[in-house]
Amino acid sequence: MRVISGIKPTGNLHLGNYLGAIKQWVGMQAQIEAAGGESMYFIADLHGLTEWIEPQALHANTFEIAAAMIASGIDPKRSILFNQTRVPAHSELSWLLNNVARVGWLNRMTQFKDKAGKNREGASVGLYDYPVLMAADVLLYSATHVPVGEDQKQHLELARDIAAKFNQDYGVELLVQPAPLVSKAAPRIMSLRDAGSKMSKSNPSDAARINLVDDDDAIAQKFRKAKTDPEPLGETFESLKDRPEARNLVTIFAALSDRTPDDVVAEYAGQGFGSFKPALADLAVAKLGPIRDEMVRLTPDRPAVDAILREGADRAAALAAPLLRRVQETMGLLV
Ligand code: TYM
């Protein structure tokens, strides 16, 4: 079992990233270790370049995300923690896989369509090619499992297609097809202002997301102001199927407390959001507060965080080198 996943350092790390990705990673750490496997988590700084970002912001976010991962419970002794740039094999394999991936496959990627919007011609080539670099990130380590939120599933299916085509074209069994592990508890946390769109780093409204750096008051206030409907909660989660805002808040409550959504709904059945929201705010403050405090303590200690990332990159580079070489040889390159 080899597990890998990454986060782009492009903005405010939020509750969706935590529940959909990081919390899952932390929960799996012991299990992977017991199975004699390897877990690898990285900051996808090269992916961060695919849309304009101020260099200082990219740099600062890289430290912040590393601090957030550690503060959330990713232990750099048990997991390999690094930033993508420091392992050049990601970029090298990405170029090689560019010749395996098909334009038609990339044209189907919904994230590109969403992000480029009407301005396709003005989007960067990097944004278009993004999923190939992401495929390289996981294929480079023969990763077996990739824990992500639902929005990344299509990219991982592409990684599987690239691996299969490479193996077929060259008549080898070299690249391992990774399985996406989409969080069951929180596959897609939605915006607090509009349950039709996902909670995201780039939403211009800060009230739409809970940032991991938000203080207790901000967390409470954002949940208090979260869009909901006037109806009380029903008896089952299923009864909320046409109430996306209610579903979202119950999902967040359940994921934060490691309970099932049905269990949470049953506890608050018949009650309105006037009582549910403060309970959710208290829970979120209790769970996220200690992570934030540790993150705020660690982030400014750049030398310490940097040392962890360097050590992780050295370990990752050593794992990456043999596969990159075999891919190059397989393709006929003189190495
Ligand atoms: P990124 O930085 O957008 O998000 C990091 C992780 O958080 C998950 N996520 C969510 N989960 C639930 N609800 C949400 N609202 C929500 N928003 C984000 C994402 O699914 C992701 O797991 N392309 C990736 C980074 C990446 C990567 C990789 C991931 C680069 N290479 C290789 C895995 C393997 C991304 O942009 O994630």
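## Helix α3 and residue N61

N61 sits in helix α3, which covers residues 55–72. The model described here is a predicted one. N61 has a relative accessibility of 13% and so counts as buried, the limit for that class being under 20%. Leaving aside residues up to four places away in sequence, N61 touches P9, T10, G11 and I53.

A60 also lies in helix α3. A60 counts as partly exposed because its relative accessibility is 28%, a value in the class between the 20% limit for buried and the 50% limit for exposed. H14 is 46 residues away from A60 along the chain, and the C-alpha atoms of A60 and H14 are separated by 16 Å.

## Helix α3 against helix α13

Helix α13 is made up of residues 302–330. The axes of α3 and α13 are 10 Å apart, and the two helices pack at an angle of about 75°. The pair is therefore roughly perpendicular, since angles of 65 to 115 degrees fall in that class.

On the α3 side, the contact involves H59, A60, F63, A66 and I70; on the α13 side, R302, V305, D306, I308 and L309. Sorted by class, the residues of this contact are seven nonpolar, one polar and two charged. A60, described above as partly exposed, is one of the α3 residues that meet α13.

P303 is placed in helix α13 as well. With 62% relative accessibility, P303 counts as exposed, a class that begins over 50%. P303 and V87 lie 216 residues apart in sequence, and from C-alpha to C-alpha they are 19 Å apart in space.

## Helix α1 against helix α10

Helix α1 runs over residues 15–34, and it packs with α10 at an angle of about 45°, the axes being 11 Å apart. This angle makes α1 oblique to α10. The crossing of α1 past α10 is left-handed.

From α1, the residues in the contact are L15, L19 and K23; from α10, they are I252, A255 and L256. The contact of α1 with α10 has five nonpolar residues, one charged residue and no polar residues.

## Helix α9 against helix α12

Helix α9 consists of residues 216–225 and helix α12 of residues 273–298; their axes come within 9 Å and cross at roughly 150°. The two helices are therefore roughly antiparallel to each other, as angles over 145 degrees are classed that way. α9 passes α12 in a right-handed crossing.

The α9 residues in this contact are D216, I219, A220, F223, R224 and K225, and they meet K277, L280, A281, A284, V285, L288, G289 and R292 of α12. Eight of the residues in the contact of α9 with α12 are nonpolar, one is polar and five are charged.

## Two loop residues with positive phi

S142 is not a glycine, yet it has a positive phi of about 50°. S142 is located in the loop that joins α7 (125–139) to β4 (145–148). Its relative accessibility is 25%, so S142 counts as partly exposed.

D258, which is not a glycine either, has a positive phi of about 55°. The loop that holds D258 lies between α10 (244–257) and α11 (261–268). D258 counts as exposed because its relative accessibility is 59%.

## Division into domains

The protein is divided into two parts: domain 1, with residues 2–187 + 301–330, and domain 2, with residues 206–297. The distance between the C-alpha centres of domain 1 and domain 2 is 29 Å. Contact between the domains involves 15 residues of domain 1 and 16 residues of domain 2.

Notes
Residues are numbered from 1 along each chain as its sequence is written. This is a predicted model: local features need pLDDT of at least 70, side-chain atom pairs count only at pLDDT 80 or more; totals for chains, interfaces and linings use all residues. Side-chain values use heavy atoms; hydrogens and water are left out. Helices (H or I, at least four residues) and strands (E, at least two) are DSSP runs, numbered from the N terminus. Buried means under 20% relative accessible area, exposed over 50%, partly exposed in between (1.4 Å probe, protein chains only). Contact means heavy atoms within 4.5 Å. Axes are lines fitted to C-alpha atoms, for helices over the stretch in contact, and angles run from 0 to 180 degrees between N-to-C directions. Angles under 35 degrees count as roughly parallel, over 145 as roughly antiparallel, 65 to 115 as roughly perpendicular and the rest as oblique. A crossing is left-handed if the near helix is turned anticlockwise from the far one by less than a right angle, and right-handed if clockwise. Ala, Val, Leu, Ile, Met, Phe, Trp, Tyr, Cys and Pro count as nonpolar, Asp, Glu, Lys and Arg as charged, and the others, Gly among them, as polar. Domain bounds come from an automatic or database domain assignment.
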